[in-house]
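Reader: I am new to this structure and would like to understand the terms used for it. Could you take me through them with care?

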Number of protein chains: 2
Amino acid sequence: MNSRRNFLRTTGLTALAGMTGIETLFAASKKKSGKTSGKGLILRFIPYELQLRHTFTLANSSRKTTPDVLISLEFEGVTGYGEASMPPYLGESIESASKFLSSLNLSQFNDPFQMDDILQYVDSVMPGNCAAKASVDIALHDLVGKLMGQPWYKIWGFNPADTPNTSFTIGIDTPDVVRQKVAEAVPYQVLKVKLGQKTDREMIETIRSVSDKPLCVDVNQGWTDKQMALDMIHWLKEKGVVFVEQPMPKTSIDEMAWLTEHSPLPTIGDESVQRLPDVMKAKGVYNGINIKLMKCTGMREAHQMLTLAKSLDMKVMIGCMTETSCAISAAAQLSPKCEWADLDGNLLISNDPYQGVQVVKGKVTLIDQPGIGLSALDTKWKI
Amino acid sequence: MNSRRNFLRTTGLTALAGMTGIETLFAASKKKSGKTSGKGLILRFIPYELQLRHTFTLANSSRKTTPDVLISLEFEGVTGYGEASMPPYLGESIESASKFLSSLNLSQFNDPFQMDDILQYVDSVMPGNCAAKASVDIALHDLVGKLMGQPWYKIWGFNPADTPNTSFTIGIDTPDVVRQKVAEAVPYQVLKVKLGQKTDREMIETIRSVSDKPLCVDVNQGWTDKQMALDMIHWLKEKGVVFVEQPMPKTSIDEMAWLTEHSPLPTIGDESVQRLPDVMKAKGVYNGINIKLMKCTGMREAHQMLTLAKSLDMKVMIGCMTETSCAISAAAQLSPKCEWADLDGNLLISNDPYQGVQVVKGKVTLIDQPGIGLSALDTKWKI
């Protein structure tokens, strides 16, 4: 990986002379006047490797770190914060995000309230790059929320008392490690289990040997036979599972529609549902969708997807990648209108630089602070 | 019609002693402390008969006034304003609106930001009453926008430069009056023509004898034969018509889908599309929808309908009834994302108590003032 210095880019104005690395990203709010207070939006970003508490195993991969980019967006001395989390299997990287963010000319925008224009521009610059786009969207929402003096759940008119419990993810692992993870999950009311391997029943039995909490199941496209999938879902229902996420490959549309029609548990599309146009396609194929900011380019499109899904009478789960409290707090703003939340990404890393939304007795708990409600754990990260 | 005194109702607290009529409605902002500053939202309302500049003729009715109710919603000394306009053919009246508004208990809500809960409650109290519900929604948006210090087009992230021209409505009348109306419409770039009578071609020819401006056509369900309708649309296209609104009865769904498929001009559903669930039903039947706050219970559902229509790749027209600058300014907040605007309702009345959104060279022109951007023409109406 290249050095931080090489990755540091300032879009809109040149970097502050004599400053490098992480301090530069957050210098804006300390220096309310001076070189950075030009016209237009000023974007800064820096790579940040997330350290995972446990090796993370999905159906087809495992890893100990997640590449991430932290960004800031400044306007007239007010700064919003954003983040791109990029699990490798999704195709983005620190290199691709840096290239994307460097290509943006946000200094052309003199009014951060014109989120529609700004985010349409960001989306139009290159295809893909959804996590990098989400980082700008989150920072812009944080900035505009601060300019309005309100958190986004209030701007959207949601009741913070309506937030759901968040599930806590138990990755695929040996029985001993699984039992240890379940023991660590004491504060959480709902567990999410990653399935899609030959050890599926063993995983469930291992968890059921130490916990009777409701379980959500995420198969990550791991099952390929619809009848086998239906049999598993019937078995899972008896084991106290609440819903089944992405049981089959995203290309198995007809099989999936059949499975949803026959399933005794709700089905949720995740890999099948990335952006707004995918919501309509998911109607009749799944009972619900998993919205993740890193898939859908951020809070604005996520809010539109939520509106669309509700008007289609579909369930909504708000999910995440492994990410810091920045993106988790952004996603949590939507959670009062979602049936389910899977917002444990910040709890799975050991080097979260931020504090934001909290989990209190298993429930997503919003903070009445402007923007996405973020504060920093260390003065180095002061906002 | 009953006297104002009889209609004056105060929901949440009793009316101010010694005050009656219109002054009471607006007393809140003058008296920032005192009897009205209790906990919870305080609703006041009063009837207001709109005087039309011209007798208004549709396919099946004509009238010189429109019944209307003006409302205010106060929270801790900040007041938002709303309005219910109730053309008689839509089934609401000052009596029904008064009954509905009197039945509300808004003092139970201590946080105006919880718009989702408040407006779901308002919608749940009785079925129908869409204009009365819209009056509360508009006043709540005005109030919350003021609490955030921003107009709603900014809160929604829209660019005020994107507002469309508004059409100016030419009602069904004699050729002389039609020519007079067209002459009065000099400031407007687009004319809207009410059709659906035997004189349709004569109306168009009369206007074309004095103006070559683009025309929109609103048939108000007036055509019953699909082939006749298609022939008319071909003829209208040659006459410079831009789109055709509600050409056939709202119950003629198959015929309308056929007409849309064959029509050389876009078709717009109006009477067919009242609330959010109707948008999905209109897909494939019309090319676009006409959103009116008085049909859809207000700005929150209108914004959801706009989001849904855009995700369905449908055109959107933002329309109105005859109404004051209050409801027009509320609707105008959505207009930057709409292809067409028909926001001339305040221009068709002679006793508008408010000033808000303006039409400048035919274009809807938003004001950077909090809430719906309203001010009063007279100190009696001071906000």
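Author: A polar contact is a pair of N or O atoms within 3.5 Å, where, within protein, one must be able to donate a hydrogen and the other to accept it. In this predicted model, that rule finds 12 residue pairs in polar contact across the interface of chain A and chain B.

Reader: What makes A:K337 and B:D116 a salt bridge?

Author: The term asks for a side-chain nitrogen of Lys or Arg within 4 Å of a carboxyl oxygen of Asp or Glu. The side chains of A:K337 and B:D116 meet at 2.8 Å, N to O, and because that value lies within 4 Å, the pair is called a salt bridge. Between chain A and chain B the count is two salt bridges.

Reader: Which helix gives the most to the side of chain A that touches chain B?

Author: That helix is α13(A), with five residues. By class, this side of chain A has 12 nonpolar, eight polar and six charged residues.

Reader: What makes β10 and β11 of chain B a pair of strands?

Author: Two strands pair if at least two bridges are found between them; β10 (residues 241-245) and β11 (residues 267-269) of chain B have two bridges, in the parallel sense, and therefore count as paired. In β11(B), B:T267 is the bridge partner of B:V244.

Reader: Why are β7 and β14 of chain B said to stand at the edges?

Author: The open sheet of chain B has eight strands in the order β7-β8-β9-β10-β11-β12-β13-β14. β7 (167-170) and β14 (340-341) of chain B each have a single partner strand, so one side of each is left without a neighbour in the sheet.

Methods: Residues numbered from 1 in each chain as written. Chains lettered and ligands numbered in written order. Predicted model: local features only at pLDDT ≥ 70, side-chain atom pairs only at ≥ 80, totals over all residues. Heavy atoms only, no water. Polar contact = N/O pair within 3.5 Å; in protein donor to acceptor, adjacent residues only side chain to side chain. Helix = DSSP H or I, 4+ residues; strand = E, 2+ residues; numbered from the N terminus. Nonpolar A, V, L, I, M, F, W, Y, C, P; charged D, E, K, R; others polar.
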